[in-house]
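Let's walk through a few spots in this protein together, one question at a time. Have a look at the structure first.

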Amino acid sequence: MIEYSQSAIDSLVVHQIGNKAEGEDVRFSKSAMHASDYDSVMDVLRHYFFKPFKTEAYYNFSHPDGLAANFVYQRAVEIFDNPGLFYDKSIELAAYLHHNSNHPKIKGGEFYVALFSNCVIDGEVCSALGIFKSESKEMFLKVYMRDESFELGAQEGINIRKLDKGCLIFNTEREQGLKVCAVDNLNKGQEARFWMEDFLSLKPREDKYFFTNNYLQLCKGFVGEVFNDENNVPRPDQIDLMNRSIEYFAKNPEFDERNFERDVIRQPEVIDAFQDYKSFFESEKQMPLMDSFEISKDAVKEEKKYFKSILKLDKNFHVYVHGKRQYLEKGFDPERGLNFYKLYYEVEH
């Protein structure tokens with residue numbers, strides 16, 4: 001959890017990153033801003049820079065040749081150790097981002113670098129370095145008075161509720177690659193890789209969020225690829241297993257694989273198939289899977305929306321199944337030549 005209400009922006013600079021695909025270069029600010037330049041909008045900037053980071057999904061910097069070879073990590077450490085280098089290192093970061101903006105869909109935009117003090121991350125007080133980029137602009141109505149009458153105008157600006165790309169680097173866990181939050185709310189697919197991978201070179205931090213998310217991905221993959229229609233598993237049984245899985249994670253503070261198999265998977269032959277798929281999944285996806293760990297409720301909340309519990313019957317009916325698999329029966333009507341489901345319930349709402 002990030003607490004930023006008492007944080008201060010000690011240094012701030014904005015550079016302009018040109019659209020590399022159109023041959024545009026970088027325009028550097030001549031100097032960092034003075035505190036008096038942004039003091040009146042301090043609360044607005046704090047909201048813009050910190051609000052998008054809501055989950056426990058943390059990262060660490062990484063590099064195949066070691067942390068010393070990670071460009072952004074090295075500049076962040078240098079700024080933390082010597083804040084007087086802030087402006088020079090911001091120029092290096094802006095140039096490096098432009099160098100890595102090779103996908104044709106990557107737009108130009110403002111590039112912000114900010115040094116924060118008095119940030120609280122999971123109860124620890126530390127400094128933080130923020131790196132942000134805004135690419136999208138919106139039109140805003142402006143009301144002003146002229147000759148004692150109100151008139152309307154339009155002005156292009158940045159919506160402070162929509163941070164396009166951001167990274168918060170906290171001055172803690174240096175040996176592991178620093179503790180990092182990062183988002184890309186604009187680009188998807190291949191073009192999104194440049195921010196998280198090409199520029200920042202991040203890997204997920206191995207913590208409760210990471211392990212919870214990995215196991216939920218395993219459960220979803222097992223139902224989608226093994227416990228499925230192709231292996232003659234009825235759709236209600238698939239949904240029931242998905243529901244039991246997410247319910248287990250939602251209700252328990254700790255994960256224990258033996259308890260999970262007993263309470264959720266239940267059938268010995270399905271447990272064997274699950275273990276076979278787990279070995280394949282861990283190898284194929286390169287996702288470490290632990291037999292026991294503390295469950296992250298943030299990860300459960302994030303993944304729950306992807307656990308589908310809907311029976312889609314032709315184009316006529318959608319049946320939402322939240323539990324009580326025994327109250328749902330499937331059959332075939334030979335006279336009509338149609339399949340049917342029979343639902344049992346106690347109270348109609």
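Q: Which residues does Asn214 touch, not counting residues up to four places away in sequence?
A: Keep in mind that this is a predicted model. Contact here means heavy atoms within 4.5 Å. Leaving out residues up to four places away in sequence, Asn214 touches Phe281, Met287, Pro288 and Leu289.

Q: Is Asn214 buried or exposed?
A: You'll find Asn214 in helix 6 (residues 208-225). Anything under 20% relative accessible area is called buried. Asn214 has 2% relative accessibility, so it counts as buried.

Q: Are helix 7 and helix 10 roughly parallel or roughly antiparallel?
A: The axes of helix 7 (residues 235-251) and helix 10 (residues 297-304) come within 9 Å and cross at roughly 155 degrees. Angles over 145 degrees count as roughly antiparallel. That crossing angle therefore makes helix 7 and helix 10 roughly antiparallel.

Q: How many nonpolar, polar and charged residues are in the contact of helix 7 with helix 10?
A: Helix 7 brings Ile246, Phe249, Ala250 and Lys251, while helix 10 brings Lys297, Val300 and Lys304. Sorted by class, the contact of helix 7 with helix 10 has four nonpolar, no polar and three charged residues.

Q: Which strands and helix do the buried residues of helix 2 pack against?
A: In helix 2 (residues 42-50), the buried residues are Met42, Leu45, Arg46, Tyr48, Phe49 and Phe50. They pack against helix 1 (35-38), strand 1 (2-3), strand 2 (8-17), strand 5 (109-121), strand 6 (124-134) and strand 9 (165-170).

Technical notes. Residues are numbered from 1 along each chain as its sequence is written. This is a predicted model: local features need pLDDT of at least 70, side-chain atom pairs count only at pLDDT 80 or more; totals for chains, interfaces and linings use all residues. Side-chain values use heavy atoms; hydrogens and water are left out. Helices (H or I, at least four residues) and strands (E, at least two) are DSSP runs, numbered from the N terminus. Buried means under 20% relative accessible area, exposed over 50%, partly exposed in between (1.4 Å probe, protein chains only). Axes are lines fitted to C-alpha atoms, for helices over the stretch in contact, and angles run from 0 to 180 degrees between N-to-C directions. Angles under 35 degrees count as roughly parallel, over 145 as roughly antiparallel, 65 to 115 as roughly perpendicular and the rest as oblique. Ala, Val, Leu, Ile, Met, Phe, Trp, Tyr, Cys and Pro count as nonpolar, Asp, Glu, Lys and Arg as charged, and the others, Gly among them, as polar.
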